Each structure stands twice: as structure tokens, then as C-alpha cells.
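Look at the model below.

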Amino acid sequence: MSVQDENLRIPSNDWRAYQGVLSRRVIAFVIDYAIVALLWIPAAVVVFFLGILTLGLGFFLYPVLFAGLAMLYFGLTVGGPKQASPGMNMMGLAIARTDGRPMDFLTAIVHLVIFWIANALLTPLVLLIGLFTDRGRLLHDLLIGTVTVRRDIY
């Protein structure tokens, strides 16, 4: 692990690390879900053939396929050493925990699930929370104890 990755565990107190994070998060979200949608296509083909081989039982995987694939995608990327998904990497963002520990697979999945729940309940209002909190944190960031930072300033 490099020194820069080690420093990512400690949230920055520099305000520049949080400047423009909300707009970058929205773009990273679109990029990441486009990647997940592209990954869903071959996974759906595999489930189709699995459904044929299992005489129809495999088709029951379709309702959970996208959610399961998204959880695996975000768990492996955000919970990995870079602490960022490919979309977040493209936008120069990373997630750090406020307690100083590294993001792990389970924390990344819980972060995603709480985001989905908050988005289902508060749809567009979930982004408004970031305008009024310190460091532009959203509801799921506050609940799980994470903060999104700009990697180039951090």
C-alpha cells in the first residue's frame, strides 16, 4: 500500500478536498451505472443459459441480477485498495471513513444499500442534504461514517 493510499484513511480537514464533490459524484454515478448496465448484458446471457440448463429454475435469478451485480461491483471497487469505483476514479474521487479505517467490502455494500433506500424514500432530495452538511456529505455518508473527497487535493 502506498503512502497516498495510507493517507486516504484519514479524512482531510482542507476545504479544497471537498470542493465540487457533489457534481463529480453525480457524474461518477452515471458512469458507474453505465458500466454496471454493460456488465449486466453478459450476466443476463449466462443466466439465460443457466435457466435452460436448470429447466427454468435459473430464470429466478433475473430479479436480483442487477442488484447483485451492482453490489459485487461496488463492493470490490469501493471496498478495494483505491477506495473508489471506476467512475469515481475518472472523476478524481475517493471514499474515506471518518474513523480512519479503510473501506472494506461489507462497508461498501452497506453504503450502496443505504444509498438505494435513501434514494427510494427521498428521491431528488437526497442530493439537497449535501448542500447543507459539512464536507458535502449525503445521508448515507452520515449514517455509515464516510466522506467523499477529491483525490487530487487530498
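## The largest pocket

Helix 2 (21-53), helix 3 (62-78), helix 5 (105-122) and helix 6 (125-132) each supply at least two residues of the lining of the largest pocket. Helix 2 gives the most, with seven residues. Helices are DSSP runs (H or I, at least four residues), numbered from the N terminus.

This is a predicted model: local features need pLDDT of at least 70, side-chain atom pairs count only at pLDDT 80 or more, and totals for chains, interfaces and linings use all residues. Residues are numbered from 1 along each chain as its sequence is written, and side-chain values use heavy atoms, leaving out hydrogens and water.

The largest pocket holds about 430 Å³ of space. Of its 22 lining residues, Arg-25, Phe-29, Phe-115, Leu-138 and His-140 are the closest to its centre. A pocket is an open set of points on a 1 Å grid over the protein atoms alone, where a 1.4 Å probe fits, with protein on both sides within 12 Å along at least five of seven lines; lining residues have an atom within 4 Å of a point. The volume is the space filled by probe spheres set on the points, which are joined across faces, edges and corners.

Where is Leu-38 found? Leu-38 is in helix 2.

Leu-112 lies in helix 5. Leu-112 counts as buried (under 20%), because its relative accessible area is 6%. The C-alpha atoms of Leu-112 and Met-71 are separated by 7.3 Å, although these residues are 41 apart along the chain.

Notes. Buried < 20%, exposed > 50% of the residue type's maximum accessible area, 1.4 Å probe, protein only.
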